[in-house]
Amino acid sequence: MHRSFSETKFLCYKACIGSGIDVGRAQDISAAATLIGAYENSFFAHFPALITAPENHLRLAENTASKIAQFENISSAQNGSFLADCLQSKLYTQIQISLLDNAMLLAGMCLHLAPELHLTLTINNKLVARFSGNRVFADIACLMSDNAEFVILEISDNTIAELAELAPSHALYIGGETWREIEHLAARTYVAENEQSRIAGAG
């Protein structure tokens, strides 16, 4: 079924909150998911599993002089905004990841949080995406990789690579089963309609 961008973003936000994600990251994740999902609507089938991934706390190296960060395991939902912030602040210019659960959502986080950066994404030594402004050049099949190994996300001026520019869709098609899964997570934020909940501040 076709869904509007606004209702999709809001439902994804509620699903994030229902999954225990804090408000700030929920806003970033829902915006990123809606943004990147416009390039490949089937991405949303992965969304429930991504936002219910276990918490993954990252530890920064004490010495950041090299401008290269290395991480073993990255959750795009749990850690994506942090990595985008590290690049945007120029704390790091290259991030190396041994295992990334979903490349699409990480790409969406970068597009949402750091649209001014020129970024490239390689998976297993293959360049699969380049983000320049609000334009996306990518091998969409590779970008859709789950559990991608040997990922490098970096600030780069590389404009030579022959990657096709992707065009976002103007409407989102999200299957009924996927939509219901996201609704189920969002429903965790609801409370019973009774006098006690109204006294507590429920709308």
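A residue is taken here as buried when its relative accessible area is under 20%, as exposed when it is over 50%, and as partly exposed in between, with a 1.4 Å probe and protein chains only. By this criterion the buried residues of helix H4 are Ser76, Ala77, Gln78, Asn79, Gly80, Ser81, Leu83, Ala84, Cys86 and Leu87. The structure is a predicted model, in which local features need pLDDT of at least 70 and side-chain atom pairs count only at pLDDT 80 or more, while totals for chains, interfaces and linings use all residues. Residues are numbered from 1 along each chain as its sequence is written, and side-chain values use heavy atoms, with hydrogens and water left out.

Helices (H or I, at least four residues) and strands (E, at least two) are DSSP runs numbered from the N terminus, and two strands are said to pair if DSSP finds at least two bridges between them. On this basis six strands form an open sheet with mixed pairing, in the order E2-E3-E7-E4-E5-E6. From one strand to the next the twist averages 20°, where angles run from 0 to 180 degrees between N-to-C directions and axes are lines fitted to C-alpha atoms, for helices over the stretch in contact.

Strands E4 and E5 pair in the antiparallel sense over six bridges, and Leu119 has Phe131 in E5 as its bridge partner. These two strands form a hairpin with two residues between them, and Asn124 in the turn has a positive phi of about 50°. E5 is in turn joined to E6 by four bridges, the two running antiparallel, and Phe131 has Val136 in E6 as its bridge partner. A hairpin with two residues between the strands is also formed by E5 and E6, with Gly133 in the turn at a positive phi of about 65°. Five of the seven residues of E5 are buried, so this strand is largely enclosed by the rest of the structure.

Because 10 of its 13 residues are buried, H4 is largely enclosed by the rest of the structure; Lys90, which follows H4, has a positive phi near 65°. Helix H5 (residues 103-113) lies across E3, E4, strand E5 (126-132), E6 and E7, and runs at about 130° to E3.

Helix H5 also packs with helix H2 (residues 23-37), at an angle of about 105° and with the axes 8 Å apart. Angles under 35 degrees count as roughly parallel, over 145 as roughly antiparallel, 65 to 115 as roughly perpendicular and the rest as oblique; H2 and H5 are therefore roughly perpendicular to each other. Residues making this contact include Ile29, Ala32 and Ile36 of H2, together with Met104, Gly108 and Leu111 of H5. The contact of H2 with H5 comprises 12 nonpolar, two polar and one charged residues, with Ala, Val, Leu, Ile, Met, Phe, Trp, Tyr, Cys and Pro counted as nonpolar, Asp, Glu, Lys and Arg as charged, and the others, Gly among them, as polar. Helix H1 (residues 5-18) packs with H2 at about 140°, with the axes 8 Å apart, and the two are therefore oblique to each other. Among the residues of the contact are Phe5, Cys12 and Tyr13 of H1 and Val23, Ala26 and Thr34 of H2, and the classes present are nine nonpolar, four polar and one charged.

Thr120 lies in strand E4 and, at 4% relative accessibility, counts as buried. Apart from neighbours within four places in sequence, Thr120 is in contact with residues including Leu127, Ala129, Ile152 and Leu153. Asn147, found in strand E7, has 51% relative accessibility and so counts as exposed. Not counting residues up to four places away in sequence, Asn147 touches Leu99, Leu100 and Asp101, while the C-alpha atoms of Asn147 and Ala49, 98 residues apart along the chain, are separated by 12 Å.

Key: Contact means heavy atoms within 4.5 Å.
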